[in-house]
Amino acid sequence: MARQCELSGVKPIVGHKVSHSNVKTKRRFLPNLVNVTLRSETLGRDVSLRIAAKTLRTVDKHGGLDGYLAKSKDDTLSPKALKIKRDIEKQAAEASA
């Protein structure tokens, strides 16, 4: 399983561990990924995703999963999240027509 957020695309980054004697060795900074179940109000169902904790805060800020996906770019989303976004757009188009 990839260590990548399914909504924001956050991946591990590389940096240095610096010792007291200022010796630098490579290390990885892993994102804080959590398994969550978010509710899609438009679709009326729950969706399980593995997202970063900071992305969860942003989802709350945008008013839930539907609001976050509406404002997110397609290239940062995982295929699973992209399918959910397409389903939400399709449902909204049917409701307005």
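A: Setting aside residues up to four places away in sequence, Leu56 touches Val36, Leu38 and Ile51, a contact being a pair of heavy atoms within 4.5 Å. The model is predicted, so that local features need pLDDT of at least 70 and side-chain atom pairs count only at pLDDT 80 or more, while totals for chains, interfaces and linings use all residues. Residues are numbered from 1 along each chain as its sequence is written, and side-chain values use heavy atoms, with hydrogens and water left out.

Leu56 belongs to helix α1; helices (H or I, at least four residues) and strands (E, at least two) are DSSP runs numbered from the N terminus. With a relative accessible area of 25%, Leu56 is partly exposed, because buried means under 20%, exposed over 50%, and partly exposed in between (1.4 Å probe, protein chains only). Its C-alpha atom lies 9.3 Å from that of Leu7, although 49 residues separate Leu56 and Leu7 in sequence.

Val59 is also placed in helix α1, which covers residues 53-61. Here the relative accessible area is 1%, and Val59 is therefore buried. Beyond its neighbours within four places in sequence, Val59 is in contact with Leu7, Leu38, Gly64, Leu65 and Tyr68. Between the C-alpha atoms of Val59 and Ile84, which are 25 residues apart along the chain, the separation is 15 Å.

Leu7 has contacts of its own to several elements of the list above. Not counting residues up to four places away in sequence, Leu7 touches Leu49, Ile51, Thr55, Val59, Leu65, Tyr68, Leu69, Thr76, Leu77 and Ala81. The largest nonpolar core has 17 residues, of which Leu7, Leu38, Leu49, Ile51, Leu65, Leu69 and Ile84 touch the most other members. Such a core is a set of buried Ala, Val, Leu, Ile, Met, Phe, Trp, Tyr and Cys residues joined through side-chain atoms within 4.5 Å. At least two residues of this core come from each of β3 (33-40), β4 (45-52), α2 (65-71) and α3 (79-96). β4 gives the largest share, four residues.

Ser40 is part of strand β3 and is buried, since its relative accessible area is 0%. Apart from residues up to four places away in sequence, Ser40 touches Arg45, Leu65, Asp66 and Ile88. A polar atom of the Ser40 side chain lies 3.3 Å from the backbone nitrogen of Leu43.

The chain as a whole gives the setting. Three helices and four strands are present, in the order β-β-β-β-α-α-α along the sequence. Of the 97 residues in the chain, 28% are buried. Among contacts with a separation of 6 or more, 42% join residues 24 or more positions apart. The C-alpha trace spans about 65 × 20 × 20 Å along its principal axes. The radius of gyration is 17 Å, whereas a compact globule of 97 residues would have one near 13 Å; the value is taken over C-alpha atoms, and the globule rule is 2.2 Å times the number of residues to the power 0.38.

Definitions and conventions. A polar contact is a pair of N or O atoms within 3.5 Å; within protein, one must be able to donate a hydrogen and the other to accept it, and residues adjacent in sequence count only if both atoms are side-chain atoms.
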